Each structure stands twice: as structure tokens, then as C-alpha cells.
Amino acid sequence: MSTTEAPRRGGPVRQGPRGALLRAGRWSLRYDPRALSVCAALAVIAAVSTVFAVGTGSYAVAPLDVLRTFLGDGPPGAEFVVVDLRLPRALVAVLVGFAMGVAGAVFQSLTRNPLGSPDITGFGNGASAGALVAIILFDAGAPQTAAGAVCGGFATATAVYLLAWKRGVHGYRLILVGIGASAVLGSVTSFLYVRADIGKAAEAASWMIGSLNSRDWSQVRVAALGLVLLLPVVVVLGRRLTVLEMGDDTAAALGVPPERSRLLLLCAGTGLTAMAVAAAGPIPFVALAAPQLARRVTRATGPNVLAAGWTGAVLVSVADLATQRATGSALLPVGVVTGVGGGLYLAWLLRAERRAARL
């Protein structure tokens with residue numbers, strides 16, 4: 001590894017083929033230059049997609065006019081359409097996608113399995129069931145729906161964790177118990193549909209597919225609050241997440257308490273999933289595909305939490321733009337596009353794995 005001097009206030013930067021280490025006094029920061037570049041590129045793509053999505057609709061606004069409107073110098077009448085009507089939807093897409101990508105990276109790393117996402121392990125279904133109880137039984141608004149999703153998600157996480165416990169929690173048991181919990185929660189949601197009146201059942205069915213229609217600033221606050229509170233926890237514990245991938249014995253030998261770290265990360269991932277579900281419904285396949293795509297793009301080992309988050313943000317924002325461009329309106333739920341795209345991605349992934357096994 002070669003060493004180059006940093007600016008006078010900083011310290012030496014050590015660069016190598018697998019990353020760089022920046023030192024400043026007692027503090028040090030290890031980062032991967034390629035992963036950092038990928039995150040920056042994905043952030044730019046998400047921003048561009050947001051601008052085009054905000055300008056799409058029956059009242060079309062050119063991208064430059066959208067930027068001018070953001071700066072307070074847009075065309076007459078554009079501010080209401082761009083800022084009040086369309087911007088919340090676009091921001092919810094980015095925030096929810098980011099939260100789902102981060103949550104997917106956490107769960108897949110904890111289980112050490114690419115199928116260990118909130119969609120599969122039942123945590124997303126628990127949040128959905130809690131939110132449906134709030135919507136159908138209590139006619140709840142955004143804050144109450146968020147509370148119901150958080151309660152449902154954490155109740156499911158607690159039940160799955162306790163049922164999977166046997167001298168610790170291992171990835172394969174967590175997935176198997178989560179699949180069973182997902183089936184039970186599917187029955188619960190079906191029962192809620194049967195008991196609801198037609199109007200609420202139709203509203204809940206649209207929400208359960210994963211929809212960004214009629215999103216407003218209350219949903220933006222819900223998704224943003226989840227990221228502000230829980231993303232720092234995941235980032236701070238990211239090093240522990242990397243060590244946990246080596247196994248509990250190795251983690252304990254390196255001074256990382258396995259069960260306590262796993263429990264904290266499980267709570268953070270569940271909270272991110274619940275807040276994302278509360279804001280936009282259970283958008284399928286994002287938490288499953290985003291970490292895998294991020295790992296392929298960055299070519300880096302470890303959970304790739306931030307890269308997975310930005311990948312999820314791009315997936316949801318581009319899917320939302322595609323629904324509006326394809327139908328000429330915002331009526332098609334974004335979950336339909338992510339579901340189709342996720343199914344195609346899984347088919348491609350299985351074929352690639354099968355060909356690799358043959359080789």
C-alpha cells in the first residue's frame with residue numbers, strides 16, 4: 001500500500017486495491033473509492049429521475065422549468081403543481097427506496113443469505129398487517145398508519161426472533177421461521193379484507209400493492225423520520241455487520257458481541273422497513289434486489305449499506321417514472337412495475353447461478 005500526505009489539518013491517506021484509509025488525529029475512516037463513486041453516480045441518477053418525474057403529467061413541465069421552480073423562479077402556476085402536488089410523491093419514492101435498500105442489505109447480511117430480505121422473512125408483512133389494522137379497523141391517517149406499521153413490524157420481529165432462538169439466532173432458522181410467519185400474516189390480511197367494507201377494502205388493496213398515488217408531505221415526514229433516526233444506527237454498526245458475516249465465533253473473538261449486535265441491527269432494519277411500508281405500502285422486490293445489484297456494481301465485499309440504499313432509491317424512482325410515462329397518469333401502482341422487474345431479475349439471477357454452477 002502506498003501512503004500520500006493529506007491536507008495539513010488531516011492525516012495520511014493510505015490507498016490500496018481494496019480501499020483507502022483516511023486518518024485525522026485519533027479518528028480514521030476506511031472507504032472504498034469505487035463504492036463512493038457508485039453512490040455519487042446513483043444519487044445523480046435518482047435526482048435526475050426525480051426532476052423528470054415531477055415534470056411528468058397532464059400538465060407537463062420541462063426539466064429546466066422544474067429546476068427554476070425549485071429555485072422560486074418557475075413559470076406561472078408551476079409552483080403549485082410541482083412543489084405541492086408532485087414533489088411529495090417523488091420524494092417518497094426516493095426515501096422509501098433508500099430505506100428498503102438499506103433494510104434489505106441489513107437482513108441479507110445478518111442471515112448471510114441473498115433471500116433474507118424483509119419480503120421473505122415476514123417483517124414487511126408484519127408491518128403491512130399492522131398498517132392494515134390501522135387503515136381498516138380505525139380509519140387511520142398517516143401518523144396512525146405509521147404507528148400501526150411500526151407496531152406490526154416489531155411484533156413480528158419479536159415473534160420470529162424468539163421462535164428462531166436456539167442458543168442464538170442463525171440465518172437459516174430466521175429465514176424458515178420468517179417464511180412461516182409470512183404465511184400466517186397473509187391469512188391475517190385476507191381476513192381483514194373480508195371484514196372490511198368495499199370502499200376500505202379497495203383502498204387497502206391499492207395500498208398493499210405498493211402505491212405512490214396521492215402521497216403528500218405527511219408521508220414524506222414519515223419516511224424521512226425513519227431514515228433520520230435509524231440510518232445513523234445502521235451506519236455506526238456497519239463494521240459489526242461486516243464482522244458478523246464471518247460467523248459468531250469469529251465476531252466474538254474480535255470483540256463484537258454477536259447477539260446484542262444482531263438484535264440492534266434487527267431492530268434498525270425492522271424500523272426502516274416499517275416506516276417505508278407506512279409511507280408507500282409494501283413495494284415488492286426492492287429490498288431483495290437492491291443489495292445484490294449494489295454488490296455487483298461496487299464489486300465490494302460486505303453489506304454495502306449506502307450503495308444498497310441508493311440503488312433502492314433509483315429502482316423506486318425510475319419505476320415511478322416508468323409508470324407515469326407508460327400510462328400517461330399516476331394511477332398504476334409502482335409496485336406493479338417493481339414486481340414485474342423483480343420477477344425478471346430473479347429469473348435472470350437463477351439462470352446466471354445455474355450457468356455458473358455448470359462452469
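Modeller: Leaving aside residues up to four places away in sequence, tyrosine 345 touches Ala289, Gln292, Leu293 and Arg296. Please keep in mind that this is a predicted model.

Biologist: How far apart are tyrosine 345 and leucine 293 in sequence and in space?

Modeller: Tyrosine 345 and leucine 293 are separated by 52 residues in sequence, while their C-alpha atoms lie 9.8 Å apart in space.

Biologist: Where is tyrosine 345 found, and is tyrosine 345 buried or exposed?

Modeller: A residue counts as buried when its relative accessible area is under 20%. Tyrosine 345 has a value of 12%, and is therefore buried. It is found in helix α15, which covers residues 334-358.

Biologist: Which residues touch the most other members of the largest nonpolar core?

Modeller: A nonpolar core is a set of buried nonpolar residues joined through their side-chain atoms. Here the largest one has 66 residues, and Val96, Val102, Leu272 and Ile283 touch the most other members. Helix α3 (residues 78-111) gives the most to this core, namely 13 residues. A second, separate core has seven residues, among them Val51, Val54, Val82 and Ala90.

Biologist: What does leucine 272 touch?

Modeller: Beyond residues up to four places away in sequence, the contacts of leucine 272 are Ala99, Val102, Ala103, Gly226, Leu227, Leu230 and Val234.

Note on methods:
Residues numbered from 1 in each chain as written. Predicted model: local features only at pLDDT ≥ 70, side-chain atom pairs only at ≥ 80, totals over all residues. Heavy atoms only, no water. Core = buried A, V, L, I, M, F, W, Y, C linked by side-chain atoms within 4.5 Å. Buried < 20%, exposed > 50% of the residue type's maximum accessible area, 1.4 Å probe, protein only. Helix = DSSP H or I, 4+ residues; strand = E, 2+ residues; numbered from the N terminus. Contact = heavy atoms within 4.5 Å.
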